[in-house]
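Visitor: I would like to see how the labels on this model follow from their cut-offs. Could you show it to me first?

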Amino acid sequence: MRLLLVEDDPMIGKAAALGLQRAGFTVDWARDGRAAELSIANGVYQAVVLDLALPRKDGLDVLREARDRGEVVPVIVVTARDSVAERVAGLNAGADDYLVKPFDLDELVARLHALIRRHAGRATPRYECGALVLDPVARRVQLRGAAVALSGREFAILAALMRVPGAVLSVEALEDAVYGWHDEPDSNAIQVHVHHLRRKLGADIVRNVRGCGYRIAEVQ
Amino acid sequence: MISLRGRLLLWSLGALGVGAVLIALATFAISLQQMNEVLDGELRQSALTLLSHYQAGRPADPAAPPGGTDPDLDSLALATQVWTLDGRRIFASQPSLELPMARIQGFETVVTRHGPWRVYTDRSAHYLIQAAQAMAVRQRVAAAVALRSLVPSLAAVPLLALLLAGALQRRLRPLRRAADAVRQRSATSLEPVEVAALPGEVRPLLESINALLAQLDRALSAQRRFTADAAHELRTPLAALRLQLQIVGSSHDAASRADALDDAARGLARATRLVEQLLQLSRLGPDAPPPRRERVDLAALARSVVADFSRRADALGIDLGVEAGPVAASASGDAEQLRVMLNNLVDNALRHTPRRGRVDLRLRDAGRRVAIEVADSGAGLPDDERERVFRRFYRADDGSCGPGTGLGLSIVRAVVSSHGGRIELADGLSNAEGGRGLAVRITLMRAEPGAEAARRTEYHRCDLERG
């Protein structure tokens, strides 16, 4: 799952990016308001963690303008401003959640997962496709009750495919969901990972939709 | 201590009493005088009547009182005497009264064996008539009148006392209300007290109290704002530290754990530095005591500060040095505060200067003052930011290397203003990328010739190297 982290403080940014990566996210780190604005406009993120006190452009303005442009990506605002008035302003500007610094990394991760699944139209935390169950928070996959070991990238691709039930994702979309700015995947990296997934889960699970991309099929 | 009201009442009633007595005395005098006029008139009239009787040849035949009795002193009854011109008393209505035969016509007061008598003498061709009246009785009547006039005056005293007390009570009530209002003021409610209803004499006092309340309000608000700002600003370093420690917890191999601990140590240093700077600022606030006035050798101080920062400057690849020249610069001030000021300036300069850049400390003569300047070859500061940059917690918008706390220049300005100095921002050293750099120039007063030299203070540097 690809995440945009917007934070100007180097220490907080570094620690948060590292922590979120360890929790299984692919993290792009923007350090000021202008960079955040441009990145959000790319539309490749499952969620955005937005600090409000940013140089070059204030976080609330970035949020408001993104919403005005029609960006629906879930945004969790993280800031030191904690008065009720400021929380209300943040939520009214289009934030989906509001976290006050100092915050706990685990809590941030849990809230992000909650936002992402709600945005994908699901209520339960786990992605289920028949007998295939993926827990994005615990980072576990089970097929017919048996655990399946997947690499980080394989897990990310499977999660991207299972996040919205029945969705078809192109190779480009899968690349966007799984690789960050600083990754340089090979041109057929996705295909290789899909091949590995088919080996581990069964050939029928990841279906090829001709000319469109990949889809997860109902698993018995 | 008798209250103002008590004293006013006492003096007013005293004045009233004295006035009443004076009025009574005046009444006595006036009554007496009027009585004298009236009764003298009667005396004269009686004498003239008697005279005319004798003129007409009819000797008066008043019933001669029995001899030997004392003259009537208590009534207003007249005593009359008739003399022949050769000194023979031929008639006396009260024979025991011995009035000498007067030679002059008119009124006189005669002192007899029986007290003073008022005598009117008139004469005809053959006779001398005298009519007399005892003075004592006149005085007694006048006294009675005067005393009677005193009664209402004295009766008025308690009445006036009551009225006065009531009036004072009413006039002083706004004062009591004002006192209650002041008593109700507390650290959380410092609004000014109503002065409109107060008497003019007391208003200046309440206006001074209101001015003091306003000053107190400002000081407390400034303090509250500082505390709130400080708490807010501490969130960022603490948030970083919390995350960094969680990263340590989730690092399972030695190398990543070492990295994570390193980051956490830097995070802690940053938080500690912020707290230290906040303490420095709070000690320099508007209600801080004035600084010591010692002779501070600025050249030595500059060299000492540069020595303290040289390791960090080397690690950052920055050329840090002193350009003191031949200037013998002794400033008048507090050595420790001036060191704090220089530390913050050099720290700022190092944060904003790129690798291979340069930071100079320069000393200059400025007439009656001495100037010390810290110039860097960083990106510089646009003119419109030069005023804002002194605000607490303000951080320049340029992505400088290493985050600052935003407090350094606030501290510098506080030290400069408590020393009565001046601070100026100007262009510093230009660099290869076209940046203008920044120079912060401080002018301080020279030391008095006889001032004591500053003791060498051991200043706790708090990890200047890590920054």
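Visitor: What makes the pair B:Arg364 and B:Glu373 a salt bridge?

Guide: The closest N and O atoms of B:Arg364 and B:Glu373 are 3.9 Å apart, and a salt bridge is defined as a side-chain nitrogen of Lys or Arg within 4 Å of a carboxyl oxygen of Asp or Glu, so the pair qualifies. This is a predicted model, in which local features need pLDDT of at least 70 and side-chain atom pairs count only at pLDDT 80 or more, while totals for chains, interfaces and linings use all residues. Side-chain values use heavy atoms, with hydrogens and water left out, residues are numbered from 1 along each chain as its sequence is written, and chains are lettered from A and ligands numbered from 1 in the order in which they are written.

Visitor: Why is B:Glu373 called buried?

Guide: Its relative accessible area is 5%, and buried means under 20%, exposed over 50% and partly exposed in between (1.4 Å probe, protein chains only), so B:Glu373 is buried. B:Arg364, at 38%, is partly exposed.

Visitor: Which other residue forms a salt bridge with B:Glu373?

Guide: B:Arg441 does, with the closest N and O atoms 2.6 Å apart. The two lie 68 residues apart, B:Glu373 in strand 10 and B:Arg441 in strand 12 of chain B, strands being DSSP runs of E of at least two residues, numbered from the N terminus. B:Arg441 has a relative accessible area of 25% and is therefore partly exposed.

Visitor: Which residues are linked with these in a network of salt bridges?

Guide: The network links B:Arg362, B:Arg364, B:Glu373, B:Glu424 and B:Arg441.

Definitions and conventions: Helices (H or I, at least four residues) and strands (E, at least two) are DSSP runs, numbered from the N terminus.
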